[in-house]
Amino acid sequence: MSMDKKVGVYICTDCGIGKALDIEKLQKTADGYNPSVCKSSTFLCGQEGVQSIKDDIRNEGINTIVVAACSMRVNGDLFDFDPLKYVTERVNLREHVVWTQPSNDENTQLMAEDYLRMGIVRAQKSNPPKPKTADLEKSILVVGGGIAGITAALETVKTGCKAVLVEKAQQLGGRVRKMHRIFPSEPPYTDLQMPDIEEKIRAVQSNPDIKVYTNSTIISIEGEPGMFDVLICSNDNIIKPSDKEKDETEKSKTSEQAAEVPQAGHVRYNSPECSSPEKFRVGAIVFTIGWKPYDAAKLADEYNYGKFRNVITNLELEDMAKNGLIKRPSDGKKVRNALFIQCAGQRDKSHLPYCSSVCCMASLKQAKYIREANPDAGAYIIYQHMRTLGLYEKFYESMQDDEGVFLLKGDIISMAEDSDGSIRIKINNRLLGNEMIIMADLVVLATGMVTNMVPEGSEPNDLTPEFIGNIIKRKTQDGVSEELVPVPIALNLKYRQGPELPHLRYGFPDSHFICFPYETRRTGIYAAGAVKNPMNAAEAATDATGAVLKAIQCIELTSQGKTVHPRVGDLTVPEFRLETCTQCRRCTVECPFGVLDEEPNGTPKEHPGRCRSCGTCMGACPQRIISFSDYSVDMVSSMFKEIQVPDDEEFPIIVGLICENDAYPAFDMAGINRMQLPPNFRLIRVRCLGSVNLVWITDALSKGIDGILLLGCKYGDDYQCHFIKGSQLANERIGKVQETLDRLMLEAERVDQIQLAINEYDKLPMILNKFVEKIKQIGPNPFKGF
Ligand code: SF4
Ligand code: SF4
């Protein structure tokens, strides 16, 4: 139910606003909406200005506050009236009007008046949210018992929460347990250290607040932050599929089937079955399933792994060192000359295209093993670029000072094996510009790290998009359709969108690689360690600590009815008027965070704790039945109606739908830098371009608006959209608006989308002027004046 509105409009005249605009005219504009209070103030963000608003709230019963002043991105702490009681709307007269337009100009005044009208209507159509608060489960499930998982469990209990650690292997410790030494982590950063993993394992096992399940598999996870229900099973109790079922699975992978077609986008998968599962509830999940080495067998052609007896990988050398004897596999003799090949199968499009970040340090460390085992031995490291970040540079320098270590920037030209197993390596020495031959009795390949999200047998370079799985072809009435059946890996989420975390390139789970480390695309599940991106043991431990803090923050915010990143603290969630839902499933498919399951009849079933309030579902819904208390399809359509479209055919009016995450601040930056922007635009901030409903385009154009420009984040592989693919979805949707515009006899070119990063604000004058020119060439909207 909406509240009885008592609107107060407060116009600031400071920061150049009063000098550039006719404030009396602005007040008259506001008066047209019969506000209870309409005031101007010379210094609204000052103590007196803010106090006068508070006084009106108390004395006049103002509950809807329109602050016409600076950007909503500044002074949020001052214009901070209780959001559960009051609606506050910020009209940006400073950055978006007077700092980008000429002063005392008719068009500048018209722009300011439009913004004020739109802001008042937005405020009138908004209501305080009614968040659901609850006392939620605060324990944390840690998936994976390597260094990241062990650290996550220990850090969890330090905060007073309990942890449950599930590890599929028999023992905790992961790969670090197999390490002979780890990188230096204390001054002078030149000495290798003993791993302290055994001590940490004992600390985990003896802590009464950490429950450990080794040799165990997660059978299923249902629910949402604060109430994830987890089923686990001892690996000994997993029911293996019968041979018959196996046969069928294999057949279905390879052949076309005449089976019933599953619902559009609906994923199917089989989770493991258990004869004796255990069930418990946790509040959040830290996902640390680690990494595996790139399969060196694939390096047989380039580096003769598996062909030459004394070519091994860096992990194999680590095993030898751990077991106390570094020797040649061919004859067990001591190693006198070891040659390390860096980037073996890495930064290479036909293997791993990325850098694993740890291998340069790993080879330097292992060169030290060689030198310590035999002071007369030599170690050659052939590298492309030596990457030893931060204080690891000190260790690199110490190894440069070792006369038995030879560091060569170069390429391997050829390798040949002598009868005694030694290897003759021809190298292009890029520093000296000549070719040279080195005889080595051991060659060590610095192979890279592959996230354990990639199942055995799959290529990180060749994964199915978004979800790792198998493409199955099915015969349908219309021909053959392809369906992705995701492969369960470790979480077995009972989510409509699939059992595991969606991935970016090469299998790494992520939701925003620039701004939000730890976040995955499943709210309440935080990834840490080398499952997320290549990193060393110390980095994985630090990463796990960060992920635990995010997990605890998530539980706390959810229990207060607030969303997590990037709209941290938002109290709104979508409301669905399901009476008119047509079960089209667009919202369930397009929600980037897997919030919406489905009822048996296909209507969306919400899990509000998973929601991040992006509005993508609102943009997707053709029935327009999804809205928020302060953001709705009707609200934005009503704002268009407040734009006064002049009859002047030479002056096009263009609506800019701008994403509040990057495009809005880019406009602020343009203002701060006093860039002059064309006077034709009326900007409306949207939560994400994914929330743009196509009806807005037709509403705006049928109102006589001449053009619409969507400005949002970059998409594709290096996307920056805070809601994963909102700008991409918007682009796909406006591709479909053509048909509607044809019906209205309007040119599709009137609508366009620009990808804009926050630091590209300096491009705004060019982008906007170009669009104005294009609209002028198309000519005025024929609906103008109707
Ligand atoms: S608002 Fe965003 S996160 Fe929430 S249900 Fe809709 S699409 Fe999903
Ligand atoms: S998009 Fe709208 S109509 Fe379609 S399933 Fe969702 S709520 Fe129902």
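In this predicted model, the largest nonpolar core of the chain holds 113 residues, of which L93, L657, W696 and L710 touch the most other members. A nonpolar core is here a set of buried Ala, Val, Leu, Ile, Met, Phe, Trp, Tyr and Cys residues joined through side-chain atoms within 4.5 Å, where buried means under 20% relative accessible area, exposed means over 50%, and partly exposed covers the range in between (1.4 Å probe, protein chains only). The element that gives the most to this core is helix α5, which spans residues 106–124 and supplies seven residues. Apart from this core lies another, made of 53 residues, among them L141, I221, I285 and Y354.

Residues are numbered from 1 along each chain as its sequence is written, while chains are lettered from A and ligands numbered from 1 in the order in which they are written. Because the model is predicted, local features need pLDDT of at least 70 and side-chain atom pairs count only at pLDDT 80 or more, whereas totals for chains, interfaces and linings use all residues, and side-chain values use heavy atoms, with hydrogens and water left out.

Considered as a whole, the chain contains 21 helices and 33 strands, these being DSSP runs numbered from the N terminus (helices are H or I with at least four residues, strands are E with at least two). The radius of gyration is 31 Å, close to the 28 Å that the globule rule gives for 786 residues, so the chain is as compact as a globular protein of that length; the radius is taken over C-alpha atoms, and the rule is 2.2 Å times the number of residues to the power 0.38. Along the principal axes, the C-alpha atoms fill a box of roughly 95 × 65 × 55 Å. Of the 786 residues, 56% count as buried, and among contacts with a separation of 6 or more, 72% are made by residues 24 or more positions apart. The chain exposes about 33,900 Å², of which carbon and sulfur atoms supply 48%, as computed by the Shrake-Rupley method with a 1.4 Å probe. The 93 positive and 106 negative charges have mean positions that are 2 Å apart, with Lys and Arg counted as positive, Asp and Glu as negative, and His and the chain ends not counted.

R687, in the loop between β31 (681–686) and α18 (694–702), counts as buried at 3% relative accessibility. Leaving out residues up to four places away in sequence, R687 touches, among others, R567, D570, D630, E660 and N661; the C-alpha atoms of R687 and N661 are separated by 7.5 Å, although the two residues are 26 residues apart along the chain. L165, which lies in strand β6 (residues 163–166), is buried with a relative accessible area of 0%, and its contacts beyond four places in sequence include V142, G149, I150, L172 and Y213. The C-alpha atoms of L165 and G149, 16 residues apart along the chain, are 7.4 Å from each other. E302, by contrast, is partly exposed at 34% relative accessible area; this residue is found in helix α9 (residues 300–303) and, leaving aside neighbours within four places in sequence, is in contact with D348, H351 and M415. The C-alpha atoms of E302 and I705, 403 residues apart along the chain, are separated by 62 Å.

Several features of the backbone also deserve mention. Most residues other than glycine have a negative phi, and most peptide bonds are trans. The peptide bond from P187 to P188, however, is cis, with omega near 5 degrees, and P188 is placed in the loop between β6 and α7 (197–206). A cis peptide bond also joins H565 and P566, with omega about -5 degrees, and P566 is found in the loop between α13 (537–559) and β26 (575–576). N215, although not a glycine, has a positive phi of about 50 degrees; it lies in the loop between β7 (210–213) and β8 (216–224) and is buried, with a relative accessible area of 12%. R674 likewise has a positive phi of about 50 degrees without being a glycine, and is found in the loop between α17 (663–672) and β31, where R674 counts as partly exposed at 46% relative accessibility.

Note on methods: Contact means heavy atoms within 4.5 Å. The place of a charge is taken as NZ of Lys, CZ of Arg, CG of Asp or CD of Glu.
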